[in-house]
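Keep the sequence and the 3D view open as you read.

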Amino acid sequence: MTDVLIIGAGIAGLLCATELHKGGYSVRILDKGRGLGGRMATRRMGAGRLDHGAQFFTVRDPRLQAYANQWLADGVIKEWFRHAPEDSNTDGYSRYCGISGMTDVAKYLARGLDVRTSEQVLELIRDLGQWIVRTQSGRTYVSEHLIVTAPLPQALALLESTGIDYAGAQKTELQAVRYEKGLAVLAILDGASGLPSPGGVKLYESPLTWVADNQQKGVSPGVSAITIHSDAAFAEAHWDSPDEVRGPLMLDAAMPYLKANVVEYNCHRWGYTLPINPLAKSYFHNPNLKLTLAGDAFGGPRVEGAALSGLTAAAKVLQS
Ligand SMILES: Cc1cc2nc3c(=O)[nH]c(=O)nc-3n(C[C@H](O)[C@H](O)[C@H](O)COP(=O)(O)OP(=O)(O)OC[C@H]3O[C@@H](n4cnc5c(N)ncnc54)[C@H](O)[C@@H]3O)c2cc1C
């Protein structure tokens, strides 16, 4: 039994838990993944390390800036760049990344929190004013408050199975939020990638949106390792293609930017990259059910939007 159960150890869930923990609540986070960070994901391939989800994040809001300043001071993140080659966006904001990968922030935030990984939530039950949460491992967790930070369609699918009217008239707008899909190829090269500094190139021509050099970024110091992201149209078209088909198509499209050969590669499917139509509000809160929904579907997409959603959701629960 805890005061709060949070589903999701991405940036939204971890920042939400941090604030609630500071506020004196007992908090437990459950995540189905083996690692922390959700879409801020870093993966090993042999001796290489690669960021395969979010590549960097910006900070525009002072609430997140306060955290980012701490992360900078503690050597968790660094400024990667302000403006990438080919990027039409010249807003001047820093693009931050974890010193050894995007999961660094999640690992740092999780210190001192009760986080259970490899715990996929299968069932939610509301009974006698409590939330009862059952996971695939067969465990049962009980709490007073429930905060769900899974991508919104996944959160709603879990809530639908309760049979509870959890959102009344607001359910339609929650259900309207859609996400893009994406495909990532992670590849080890036999030499320096040749990508121009800072090692991340924004692309506007299908099928790719991004090619990044994890070695130049500092994530994979000893091994030349690149991350390639597809656009949503290619991901839809090749969602069920074998890796032997979609992998070479993405590698061929990246070749004009590379000066080394591919030694090995892996493909990864992202069912949820960015919300197409995020909601304007920062979270959803049902005070009677002590139910809160947060994450990048609320208040702005991307890492910063998800972070702010987690922070404001925590403030709402503390206020209640
Ligand atoms: C390929 C890609 C590239 C991106 N690039 C960028 C970028 O460069 N910059 C940027 O700012 N943003 C980028 N984003 C978006 C950014 O990663 C997300 O907006 C942000 O990380 C979302 O955080 P979150 O906490 O809301 O959700 P998530 O990080 O998705 O966390 C939700 C967590 O919930 C868990 N979960 C889901 N269902 C269950 C369940 N039933 N039981 C237990 N756990 C569950 C998941 O395992 C996950 O860890 C990118 C995303 C992708 C996929």
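Pro198 sits in the loop between β11 and β12 (200-202). Helices here are DSSP runs of H or I with at least four residues, strands are runs of E with at least two, and both are numbered from the N terminus. The peptide bond that joins Ser197 to Pro198 is cis, with omega near 15 degrees. Pro207 lies in the loop between β12 and β13 (208-213). The bond from Ser206 to Pro207 is also cis, and its omega is near 15 degrees.

This is a predicted model, in which local features need pLDDT of at least 70, side-chain atom pairs count only at pLDDT 80 or more, and totals for chains, interfaces and linings use all residues. Residue numbers start from 1 along each chain as its sequence is written.

Now the overall layout. The domain assignment gives domain 1 (2-178 + 275-319) and domain 2 (182-270). Such bounds come from an automatic or database domain assignment. The centres of the two domains, taken over C-alpha atoms, are 26 Å apart. Their contact takes 22 residues from domain 1 and 23 residues from domain 2. Contact means that two C-beta atoms, placed from the backbone, lie within 7 Å. On the side of domain 1 that touches domain 2, β3 (42-45), β4 (48-51) and β5 (77-81) are the elements that give two or more residues. The largest share of that side comes from β4, with four residues. By class, the side of domain 1 divides into nine nonpolar, eight polar and five charged residues. In this scheme Ala, Val, Leu, Ile, Met, Phe, Trp, Tyr, Cys and Pro count as nonpolar, Asp, Glu, Lys and Arg as charged, and the others, Gly among them, as polar.

Which domains supply the shell around the ligand? Domain 1 and domain 2 each give at least three residues. The shell has 38 residues, and Gly8, Gly10, Gly38, Gly295 and Arg302 come nearest. A residue is near a molecule if its C-beta atom, placed from the backbone, lies within 6 Å of it. At least two shell residues come from each of α1 (11-22), α4 (152-160), β11 (182-189) and α9. The shell divides into 19 nonpolar, 14 polar and five charged residues.

Arg302 lies in helix α9. Its phi is near 75 degrees, a positive value in a residue other than glycine. Arg302 counts as partly exposed because 18 C-beta neighbours lie inside 10 Å. The cut-offs: buried is 20 or more other C-beta atoms within 10 Å, exposed is 12 or fewer, partly exposed is in between, with C-beta atoms placed from the backbone. Lys290 also has a positive phi, near 50 degrees. Lys290 is in the loop between β16 (284-286) and β17 (291-293). With 20 C-beta neighbours inside 10 Å, Lys290 counts as buried.

The largest nonpolar core has 64 residues, and Ile6, Ile11, Cys16, Ala106 and Ala307 touch the most other members. A nonpolar core is a set of buried Ala, Val, Leu, Ile, Met, Phe, Trp, Tyr and Cys residues joined through C-beta atoms within 7 Å. Helix α9 (residues 302-319) gives the most to this core, with eight residues. Another core, of 28 residues, lies apart from it and includes Leu50, Ala212, Val219 and Cys267. Of the 18 residues of α9, 13 are buried.

Why is helix α3 (residues 103-110) largely enclosed by the rest of the structure? Six of its eight residues are buried. They are Thr103, Asp104, Val105, Ala106, Leu109 and Ala110. Their cover includes α1, β3, α2 (62-73), β5, β6 (95-98) and β7 (114-116). After α3 comes Gly112, with a positive phi near 85 degrees.

Finish at α8. Arg246 is in helix α8 (residues 243-254). Arg246 counts as buried, with 22 C-beta neighbours inside 10 Å. Beyond its neighbours within four places in sequence, Arg246 is in contact with Leu183, His238, Ser241 and Cys267. Pro242 lies in the loop between α7 (232-237) and α8. Pro242 counts as exposed, since 9 C-beta neighbours lie inside 10 Å. Pro242 and Cys267 are 25 residues apart in sequence, and their C-alpha atoms are 9.4 Å apart.
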